[in-house]
Amino acid sequence: MLIRLLIFIISIISISSCSTTKFKGKSDKIKLLSEKKLGDSILSNELIFKWMKSRGTIALQINQEEEEIDFNLRIKNDSLIWLNISKFKKKIGRAKIFKDSIILAIEYPEKLFYSGSIDEIAKKIGITLSYSFLENLFIGNSYIGSLNKFSYNIKENQYHIQSKIKKEKLVTFQSWINPNTFKSNRINISIPNSKFMFDMFFYEWSRMNGGIIPLRIRAVLKTISSEYTIELIHKNIKFDDPLKFPALNINENYQPIIIND
């Protein structure tokens, strides 16, 4: 379970802060905007930073198994993500994610490692994955900057964005945007005619670093054989203090992780 846990956590994490700001959840009447105006409003409200450091806890359920761990996360914007997870102060595993590659080291219950491209691991675990995808998850930003085009309507009293992304397979992207904050309350990614679905729900938004970010994220990943649910609660976060990124020293004591297609 720990290996699957680490691989899944690489795909699903967010950040938070210590104080919560309450925002109006629904408008009596949503202002109709052009597609360009809506896109510009969303992008202008995205969080901008250079360095980020966060600590918190993660609760994960894989089918009927449950696990709770602590995490330590460091990011250099558009460059490097470093993640350490532990339980009762005992290291479980670490990861370094670069623009085009991932290094993963498992410490417990046995020493294992994985090193490969982001495209390779995405194909093996069956999800759409990229560095910008991961970084946007960490800070609660939208993904419309990566979309060639999108359409939208009004759904559940929010702006409902839809787009088709052509990768190895056709992927359907949906986002529900709060009309007051222009932040995503929910993101859904699915592959038509398959049982793959990835749902994320963003809660408890907080003002920080000139923007707002979610204090809590709940994510559900469903595949043909498994269902994963993860909830992240972040306890401490700091922005824009230059960070060091500890090395992942892998020696002959580590055995390679084999991830089946």
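Okay, let's start with a term: two strands pair if DSSP finds at least two bridges between them. Strands themselves are DSSP runs of E with at least two residues, helices are runs of H or I with at least four, and both are numbered from the N terminus.

With that in hand, look at S5 (101-106) and S6 (112-117). These two strands run antiparallel and are joined by 6 bridges. A hairpin of 5 residues links S5 to S6. S6 also pairs with strand S14, residues 255-256, this time in the parallel sense and over 2 bridges. There, Phe113 stands opposite Pro256.

Before I go on, a word on where this comes from. This is a predicted model, where local features need pLDDT of at least 70 and side-chain atom pairs count only at pLDDT 80 or more, while totals for chains, interfaces and linings use all residues. Residues are numbered from 1 along each chain as its sequence is written, and side-chain values use heavy atoms, with hydrogens and water left out.

Now the whole chain. It has 4 helices and 14 strands. There are 261 residues, and 51% of them count as buried. Buried means under 20% relative accessible area, exposed means over 50%, and partly exposed is in between, using a 1.4 Å probe and protein chains only. The accessible surface is about 13,400 Å², with 48% belonging to carbon and sulfur atoms; that area comes from the Shrake-Rupley method with a 1.4 Å probe. What about contacts, meaning heavy atoms within 4.5 Å? Among those with a separation of 6 or more, 55% are between residues 24 or more positions apart.

Next, helix H4, residues 131-139. Because 8 of its 9 residues are buried, H4 is largely enclosed by the rest of the structure. The buried ones include Tyr131, Phe133, Leu134 and Phe138, and Glu135 and Asn136 are on that list too. Just after H4, Gly140 takes a positive phi of about 75 degrees.

That brings me to backbone angles. Most residues other than glycine have a negative phi, and most peptide bonds are trans. So which residues here have a positive phi although they are not glycine? One is Asp78, at about 60 degrees. Asp78 sits in the loop between S2 (65-76) and S3 (80-87), and it's partly exposed at 44% relative accessibility. Another is Lys89, at about 65 degrees. You'll find Lys89 in the loop between S3 and S4 (90-98), and it's exposed, with a relative accessible area of 83%. There's a cis peptide bond as well, joining Tyr108 and Pro109, with omega of about 10 degrees. Pro109 is in the loop between S5 and S6, back where we started.

Last stop: Arg74, in strand S2. Arg74 is buried yet has no salt bridge, which would need a side-chain nitrogen of Lys or Arg within 4 Å of a carboxyl oxygen of Asp or Glu. How far away is the nearest side chain of opposite charge? That's Asp241, at 11 Å. Instead, look at Lys244: the Arg74 side chain reaches its backbone oxygen at 2.6 Å. Leaving out residues up to four places away in sequence, Arg74 also touches others, including Met52, Trp82, Leu243 and Phe245.

Methods. Contact means heavy atoms within 4.5 Å. Lys and Arg count as positive and Asp and Glu as negative; His and the chain ends are not counted. A polar contact is a pair of N or O atoms within 3.5 Å; within protein, one must be able to donate a hydrogen and the other to accept it, and residues adjacent in sequence count only if both atoms are side-chain atoms.
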